[in-house]
Amino acid sequence: MSRSTLSSAARLPGSLVAAGVTGTIHHRVQFVKEYDERVALSLDPASSCPPAGVEPEDTAANVIPLNAVRQARLHWDRNDAGMHLNEIMRMQGRVRRQNLPYLGGNRAWRVLPAVLPSLLTYLKDRKRAFVRMVPSGGVLQAQTGSIETIATLGNFWIVGCGRSMFSMDLNAVKEVWVTASALHWQLELYDMDQRCFAAMAADPWSAPTEWRELLTSLPRLN
């Protein structure tokens with residue numbers, strides 16, 4: 001993690017940046033108010049960088065880790081939202097994706113990716129608040145609120161939520177999964193390499209049954 005302060009000369013706001021060991025920037029958060037910068041400045045600087053952990057080698061797409069499937073089935077309904085989100089950050093969600101078809105008990109199923117535009121439009125029209133999450137490099141950035149504006153350029157969608165926005169290239173969405181546990185339901189988006197690049201979940205202040213009914217209504221991919 002690194003931080004920068006406001007640069008009036010360059011007209012750049014201060015920011016907090018999360019980067020990998022190779023220098024790849026995974027997340028950048030700009031300061032909007034003076035309070036944001038004060039919070040960032042309150043973080044104690046690291047005296048030295050700890051050694052990077054070794055990431056497990058990728059498992060071939062056609063090799064299913066049986067122990068991982070057993071563990072997923074054993075703990076699935078006991079895991080809270082945080083544990084499920086940890087899984088989509090680990091190895092970019094690849095291991096989680098490999099487990100999904102084998103969980104049994106109606107715990108995970110694919111839906112048609114083509115339903116995403118209708119889903120976003122529905123949430124906007126009904127002013128339904130929900131959580132959008134983007135995992136990358138061990139960091140997950142989340143945003144909660146209802147959609148106020150939608151702009152499209154072909155299959156590229158730009159969605160405005162107050163002073164925040166998120167964008168999505170629907171061409172990159174190859175699989176959409178509903179994952180349902182006793183404690184947490186979410187919609188997970190995967191690319192062609194089975195990496196989870198986004199997830200959507202219920203607003204924590206809303207009734208969870210409404211979100212579950214919405215995800216259940218999405219057309220399944222047979």
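Me: What should I know before I start reading?
Reply: This is a predicted model, where local features need pLDDT of at least 70, side-chain atom pairs count only at pLDDT 80 or more, and totals for chains, interfaces and linings use all residues. Residues are numbered from 1 along each chain as its sequence is written, and side-chain values use heavy atoms, with hydrogens and water left out.

Me: What does pLDDT say about the protein chain?
Reply: pLDDT is the predictor's confidence in each residue, from 0 to 100. The protein chain averages 85, and 81% of the residues score at least 70. Over residues 52–56 the pLDDT stays under 50. For that stretch the model has 5 contacts beyond four places in sequence. Contact means heavy atoms within 4.5 Å.

Me: How do I read a sheet? What is the order of the 6 strands?
Reply: Strands of a sheet pair through backbone hydrogen bonds, either parallel or antiparallel. Strands (E, at least two residues) and helices (H or I, at least four) are DSSP runs, numbered from the N terminus. Two strands pair if DSSP finds at least two bridges between them. Here the order is S4-S10-S11-S12-S5-S6, in an open sheet with antiparallel pairing. Strand S4 (108–111) and strand S6 (139–145) each have a single partner strand, so one side of each is left without a neighbour in the sheet. From one strand to the next, the twist averages 25°. Axes are lines fitted to C-alpha atoms, for helices over the stretch in contact; angles run from 0 to 180 degrees between N-to-C directions.

Me: How many bridges join S5 to S6?
Reply: Strand S5 (residues 130–136) and S6 run antiparallel and are joined by 7 bridges. Phe130 has Gly145 in S6 as its bridge partner. Met133 is partnered by Ala142 in S6. The two strands form a hairpin with 2 residues between them. In the turn, Gly137 has a positive phi of about 60°.

Me: Which strands form the open sheet of 3 strands?
Reply: The order is S7-S8-S9, with antiparallel pairing. Strand S7 (149–153) and S9 are the edge strands, and each pairs on one side only. The twist here averages 15° from one strand to the next. S8 and S9 pair over 6 bridges. Gly160 stands opposite Met165 in S9.

Me: Where do the helices lie?
Reply: Helix H5 (residues 116–125) lies across S5, S10, S11 and S12, at about 135° to S11. H5 also lies across S7, S8 and S9, running at about 155° to S7. Helix H6 (residues 208–217) lies across S4, S5, S10, S11 and S12, at about 45° to S11.

Me: How do I read a nonpolar core? Which residues of the largest one touch the most other members?
Reply: In soluble globular proteins, nonpolar side chains tend to be buried together. A nonpolar core is a set of buried Ala, Val, Leu, Ile, Met, Phe, Trp, Tyr and Cys residues joined through side-chain atoms within 4.5 Å. The largest core has 28 residues; Leu116, Leu187, Leu189 and Met200 touch the most other members. H5 gives the most to this core, with 4 residues. A second, separate core of 14 residues includes Leu103, Val131, Met133 and Ala199. Beyond four places in sequence, Leu187 touches residues including Val111, Leu116, Trp177, Met200 and Leu215.

Me: Is Gln143 buried or exposed?
Reply: Buried means under 20% relative accessible area, exposed over 50%, partly exposed in between (1.4 Å probe, protein chains only). Gln143, in strand S6, is buried, with a relative accessible area of 16%. A polar contact is a pair of N or O atoms within 3.5 Å; within protein, one must be able to donate a hydrogen and the other to accept it, and residues adjacent in sequence count only if both atoms are side-chain atoms. The side chains of Gln143 and Arg132 make one at 2.7 Å.

Me: What about Thr121?
Reply: Thr121 is in helix H5. At 30% relative accessibility, Thr121 counts as partly exposed. Its side chain reaches the backbone oxygen of Pro117 at 2.9 Å. Beyond four places in sequence, Thr121 touches Ile150 and Trp157.
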